[in-house]
Amino acid sequence: MPPEVALAIILLPFFSFVIISFVIRPFLKNRPQLSGYITIASIGASLLLSMWVLIEVIKAPGHVLPMPDYQWLVVGDIAISIGVTLDSLAAVMLIVVTSVSLLVQIYSQGYMHGDPGYSRYFAFMSLFTCSMLGLVLADNLLFLYVFWEGVGLCSYLLIGFWFHKPEAARAATKAFVVTRIGDFGFLAAILFLFAKTGTFDIGELHQLALIGALGGTVLTWAAIGVFSGAVGKSAQFPLHTWLPDAMEGPTPVSALIHAATMVAAGVYLVARLFPMFAHSPQAMITVAIIGGFTAIFAATIGLVMNDIKWVLAYSTISQLGYMMLGLGVGGLAVGIFHLFNHAFFKALLFMGAGSVNHATGTFDIREMGGLRKAMPWTFATFLIASLSIAGIWPLSGFWSKEGILAHAWAHQPILFFLAMATVFLTAFYMFRVLFLTFGGEYRGGSSDAHPLRESPLVMILPMALLAILSVISGWLPISGFLGGESHGFFSALASPLALVSLLLAALGILLAYALYSARWLSVESLRQTFAPLHTLFSRKYWLDELYERVFVMRILVDGLFAACHWFDDQVIDGAVNGIAGGTVTAGRVIRRLQTGQLQAYGLAIFIGILAIVACFLIFG
Amino acid sequence: MSFPYLSIIIFLPLMGAIAIALLPRAEPRRVKLIAAFFTLLAFLLSAALFFMFDRSLDGPQFVEQASWIPSINVQYFLGVDGLSLPMLILTTMLGFLAVLVSWRIDRRAREYFAWLLVLETGILGVFCSLDLILFFLFWEVEIIPMYLLISIWGTGRKEYSAMKFVIYTLLGSALMLAGILLLYSHAGTFDMVALAQMGLEPALGSLLATAIFFLLFFGYAVKLPVFPFHTWLPDAHTDAPTAVSLILAGILIKMGGYAMIRVCVSIFPETSQTYAPLLVALAVVSVLYGAAVTLRQRDLKRLIAYSSISHMGYVLLGIFALSQVSMTGATLQMFSHGIITGLLFALVGLVYDKTHVRSIPELGGLARRMPIILVVFSVAGLAALGLPGTSGFAAEFLVFLGSFRSTVVSGIQIYTILGVLGIVITAGYILWMLQRVFYGPPKAQYEGVLDADRLERFTIFSLAAVIMLIGIYPRILTDVIDMGILPIFGGLGL
């Protein structure tokens, strides 16, 4: 395989961005549909090339293809080159990114139909895909960071796509700034690693960690710095607050952000640097604890949200926590395997939410209900995705979640119990949404909604494809390909751990059924019994308030920064003006000498200089 | 002596100014065309120098050397090396674009454009002089046109701001002149190349070397500006007309950083190392303090002005981290910031021209009215917050990389990390500003507001293109800068 193939995978979506931005938007304004076609064609081509790469990587010895490097910058004693890395991890991620992105673009054709920003939307989507592909392929930390920020930029642009909505503009800024707090740690870690090792190359860093040249507290701090970047991008506690707000973007954007790009980047980063993390027990346990805690923390909030996209957002945060937990307990293969499976069912869930919104004009599950009859396809696919995320055998979610639980059980029993509890919560909140949305009677939707009807084929088709993938993706030998173990199709059911988790998931579904479909139990009385908890969850632990009102506004902007501002105006400038004022008073005496004309001052300076020069001439 | 390229470049704008002054009938359009012609010619010539520049030599090139006042050994000595060439190009490019940005100025157009061109000559002279007295004279030339441009064509408290600028600068240059003369009295020459090679410090003794170093440094610190000598900057930038803000922020303050490397570090390598911890700390204060105060600004132009203080902190950090990479980064940061902030001021000028509002809370929803301005504003803003792929990232990253590995200051890693923290605050104020000015529902009072016209588009697109070009392939400049920094770094004996 020629090395240009890997470049083409990145560049195809980039060309699509360039063509849309510089040709279609300025010159072919009345044919915006071209933008959609070009995007789909370029990402489709990238998908085909990614498959080629995958096949080559499978055939290659050690599942690694050697690739050439190109020199980019030489300054002083530093030389930085660019290159791509093609191993099993990159190959799997390429497939995830291109396939989910392609299906999202097809779906967007229907969802974004008639939007005035249609071309702009596809331009950003192309660039988004390009950045994510670059991030996946980058073989050194600096270039990974470059695309990492590119992914952040595109999320910013797409979350704020409907910029005339103040909430969208706010959410976009929030997403960028919150993730940048994490990026600060990442950048610091890159500088730190370079200062210690003199290289940005990920392969070399792994070698140094392997032979012990990079170890101890240096490695731990570097790994934690890198992980802070991952915490920001993958919306882990405590930097998770941007992701729910990111719902303000168009729904297909959420499907892409939550499945294959942006949030996947953080998990991918940890996986990419896994050999480094693996040599620092402290870093590993940090990753595991943050992941395990985030999984259950976000799930509890997901229990009580009434906006279907908010439930899905917290579910994403929770599932990313699972992935981090999996990586933190040493399960590189299972963590990425879960990312792989999650990409399909989560993209599907968001498309389902978009489809429902298309029909009802709302995302509030209290206003929906009874959509099963009017939207059978949406219902069927949503059901499959929900079963998959709940971890029901033999759907895809089962296989990877099982792997993570098994690893956690072996290494971190406490976190294992948290993860088990999350299995129950996950099943409950997903089926709560399912029953409220599709079961019972229709409760009217938003006031200006048209009669209920199924979404067009262009939206249903990608959903159906994703539904198939949500069933079968777990059967693929991804885990084995990435160096983990695989289970037999039926023998997996023999393990007690699997049976317990299935039981918990079933209980979660049953409870949701009892509360929201059969109404055996009263939701209201349950809520009153657990009133303090309900308030805590529905206010999202007051973290948004804590961050924005207390920390950012009270402590920084109106506190520390205001103090600096006051100091600048009153003390520094005050002193300057004070001295000037004193000089003015003194100057009254010799005012007659002063003409107030700057030209005269200039002349005086010049004469002064001449005088000095003359002095030198005479006395020198 | 070869063909006097540098003299021609330096004096082309002055010749333009004289031509404008001698013009019998001062029709504004003709004045503008003359100004544009002369500045464009200077730009094209300097671009030609950029291609003729030999990237394998580390000394000054295109040298013009003639004795001027022989009795005190003052020379007319010009030359550019890898450090000054980027500054030369930056100046001629922004000088030309400043004329285009001023296209709508019709009030006393003849004087305005004449002064603008004189200003450019002064700045060009600073970057090309290799004799301290010549350097000082050019340094002073800039003050008068700047004072007049702000106080006549400015807005707001323009007389106050102009006078503040003049007093600060004169104070700085008085000390600088004292430093230069002290230096001369011991070395017997004003030749900057010879002074750098002499290794003067042992002869001077540490006390005298320190005194001269800080006399000179103070003059440059006011210009850059360094906390706490910065309060002239927001006032002058805010009240100056758009093109003058562009020159001030784009080039003028770079004279400070340039001179710190060219004079302070080159001639006083030992003293620089001794005081590097202090200056690096001051740099970090400038970065964080500047960013904190920027975040509080409610006036669009003042916000951009304050952000310069923070960004110039990175220049100071890079210079006094005293590593080859960090000084190259600092020089790239000067160029990059010149383009980025020049563009930001041009854009703020456009927004103000069209809406007559500069208060951020009053603006809002302009995205639909001025989509092109929004796109370029976003590019410039993202470059200011150091997004990879823009020149801002390339420059700041080199500064961080070089500083982090520097061996001169112990604990510089902590300072660098604190400096990196600045990029979070920068993201905050840039994105907040974009959000408040452009996003949100369109406001009724900006109903008929127009987007950039053809000439304006040319100006802002060309600057945005330079930002992207350097961001994607910084070697265009770093290969040149690196050769300029090499002998200076060598002189440090590290």
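Student: Which residues of the largest nonpolar core touch the most other members?

Tutor: A nonpolar core is a set of buried Ala, Val, Leu, Ile, Met, Phe, Trp, Tyr and Cys residues joined through C-beta atoms within 7 Å. A residue is buried if 20 or more other C-beta atoms lie within 10 Å of its own, exposed if 12 or fewer, and partly exposed in between, with C-beta atoms placed from the backbone. In this predicted model, the largest such core has 429 residues, and those touching the most other members are V100(A), V270(A), A347(A), L116(B), V280(B), L347(B) and A380(B). Helix α15 (residues 332-360) of chain A supplies the largest share of this core, 18 residues. Helices (H or I, at least four residues) and strands (E, at least two) are DSSP runs, numbered from the N terminus.

Student: With which residues is V280(B) in contact, leaving aside its neighbours within four places in sequence?

Tutor: Two residues are in contact if their C-beta atoms, placed from the backbone, lie within 7 Å. By that criterion V280(B) meets L317(B), F320(B), A321(B), V409(B), I412(B) and Y415(B).

Student: How are the numbering and the confidence limits to be read?

Tutor: Residues are numbered from 1 along each chain as its sequence is written, while chains are lettered from A and ligands numbered from 1 in the order in which they are written. Because the model is predicted, local features need pLDDT of at least 70 and side-chain atom pairs count only at pLDDT 80 or more, whereas totals for chains, interfaces and linings use all residues. The predictor's confidence in each residue, pLDDT, runs from 0 to 100. Chain B has a mean pLDDT of 91, with 100% of its residues at 70 or more. The model scores ipTM 0.90 and pTM 0.91.

Student: Where does α1(B) bend?

Tutor: The bend at a residue is the angle between axes fitted to the seven residues ending there and the seven starting there. In α1(B) the bend is about 35° at F11(B), and a proline, P13(B), follows within four residues. Among the buried residues of this helix are L6(B), I9(B), P13(B) and I20(B). Their cover includes α2 (28-52), β1 (61-69) and α3 of chain B.

Student: How many residues of α18(B) are buried?

Tutor: 14 of its 14 residues are buried, so α18(B) is largely enclosed by the rest of the structure.

Student: What is the secondary structure of chain A?

Tutor: Chain A comprises 26 helices and four strands, and buried residues make up 55% of its 620 residues.
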